[in-house]
Amino acid sequence: MGALPVFRWRLAPDGYATRRQLRALGLRPGGQPVAAQLERPRRRRGPLVAYLYRVDLAVPVRPMTPARRAALERANRARRTCPSCRRDAGYVIPAALGTCVSCAYPDLHGSEGSTQ
């Protein structure tokens, strides 16, 4: 396998796109290998790299089916449900806390600082 062609940032030829650019066009890589890469130089660190795929080999994104939509809703609900109090927090539970903010800091507005 040969080395990938490397292009400078914003200088890739037509016919190549990143995953995000493909998605904006309603496409996905569809199993094709990375065709090239972009490099954006940075000071004192390694370059930022973006992988490019060929647009002509990309395939349309799969349509959202009712079953996929239901599975996605269940997964998102599970990310919002606090494992301690089992309530929907209304936001994704931070991995660093592991529980909702109310359970992680129960006496944030507790009896010590309360004037009521």
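Author: Start with a term. A strand here is a DSSP run of E with at least two residues, and strands are numbered from the N terminus. One more point before we look: this is a predicted model.

The part I pick is strand 5, which runs over residues 45-54. Strand 5 matters to our tour through the largest pocket. That pocket has a volume of about 260 Å³. Its lining counts 16 residues, and Thr18, Gln21, Leu38, Ala50 and Leu52 are the closest to its centre. Which element gives the largest share of this lining? Strand 5 does, with five residues. Helix 1 (19-24) also supplies at least two residues, as does strand 5. What kinds of residue make up the lining? Eleven are nonpolar, two are polar and three are charged.

Now look along strand 5 itself. Glycine 46 lies in it. Its relative accessibility is 40%, so glycine 46 counts as partly exposed. The cut-offs make this clear: buried means under 20%, exposed means over 50%, and partly exposed is in between. Now compare glycine 46 with glycine 30. The two are 16 residues apart in sequence. In space, their C-alpha atoms are 29 Å apart.

Next, go to the loop between strand 4 (36-42) and strand 5. Arginine 44 sits in that loop. Its phi is positive, near 60°, yet arginine 44 is a residue other than glycine. Most residues other than glycine have a negative phi. Is arginine 44 buried or exposed? Arginine 44 is exposed, because its relative accessible area is 85%.

Arginine 10 lies in the loop between strand 1 (6-8) and strand 2 (16-17). Its relative accessible area is 75%, so arginine 10 is exposed.

Back to strand 5, and to residue 54, where its range 45-54 stops. Arginine 54 forms a salt bridge with aspartate 56. The closest N and O atoms are 2.7 Å apart. Side chains of opposite charge can pair when their charged atoms come close. Arginine 54 is partly exposed, because its relative accessible area is 34%. Aspartate 56, at 57%, counts as exposed.

How many salt bridges does a search of the whole structure find? It finds two. Arginine 80 and aspartate 88 also meet in a salt bridge, at 3.2 Å from N to O. Arginine 80 has 25% relative accessibility and so counts as partly exposed. Aspartate 88 counts as partly exposed too, at 45%.

Why can leucine 97 be called partly exposed? Because its relative accessible area is 33%. A patch residue needs over 30%, so leucine 97 can take part.

Methods
Residues numbered from 1 in each chain as written. Predicted model: local features only at pLDDT ≥ 70, side-chain atom pairs only at ≥ 80, totals over all residues. Heavy atoms only, no water. Buried < 20%, exposed > 50% of the residue type's maximum accessible area, 1.4 Å probe, protein only. Salt bridge = Lys/Arg side-chain N within 4 Å of Asp/Glu carboxyl O. 1 Å grid on protein atoms, 1.4 Å probe; cavity = no way out; pocket = protein on both sides within 12 Å on 5 of 7 lines; lining within 4 Å. Points joined across faces, edges and corners; volume = space filled by probe spheres on them. Helix = DSSP H or I, 4+ residues; strand = E, 2+ residues; numbered from the N terminus. Nonpolar A, V, L, I, M, F, W, Y, C, P; charged D, E, K, R; others polar.
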